[in-house]
Amino acid sequence: MSDGFVFIEPNAHLTPAEVDLCFNRLSNEIAEASRALVKARDRELEARTIYEKGRDRLLLSDARPRVGRSKGDITVDEREAWIRSRIGDEFWIYETTKVDRENAESYTWALKDQIRIVQSLGVTARQAFEGSGRTR
């Protein structure tokens, strides 16, 4: 997503001020990720609408193959393949936007998990500083 997310070095000893800085950066990144998620959902809905309209047109057309068990009929899976072969671009655009939306959701949740970790680091840093007589 954006460059707001900064990894903390594994052996870093953070001051409370540094923890606050990480917390603020993550908070800003969550806001950006949330906006990106809304856009991804909008794109997915638009792509789904286009795909569904095209699919419905084919399902209602006289040219569609008949699904059934009689000779000359096809299976539902074969009908779906027939539909996709005629509106393949719309289908794959829709599938791609679903993946984009899922990735945006995953990123947002990962950031929220990181916030909880940084909050815990903040408690630990404050306790360490208070125990040493330092305040920041």
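I read along the sequence and noted the pattern α-α-α for the chain. I counted 3 helices and 0 strands, taking both as DSSP runs numbered from the N terminus (helices H or I, at least four residues; strands E, at least two).

The model is predicted: local features need pLDDT of at least 70, side-chain atom pairs count only at pLDDT 80 or more, and totals for chains, interfaces and linings use all residues. Residues are numbered from 1 along each chain as its sequence is written, and side-chain values use heavy atoms, with hydrogens and water left out.

I looked up the overall dimensions next. Along the principal axes, the C-alpha atoms fill a box of roughly 85 × 25 × 15 Å.

Helix 1 (residues 16-60) and helix 2 (residues 76-86) have axes that come within 10 Å and cross at roughly 125°. Axes are lines fitted to C-alpha atoms over the stretch in contact, with angles from 0 to 180 degrees between N-to-C directions.

I listed the residues making the contact (heavy atoms within 4.5 Å). Helix 1 gives Arg55, Leu58 and Leu59, and helix 2 gives Arg79, Glu80, Trp82, Ile83 and Arg86.
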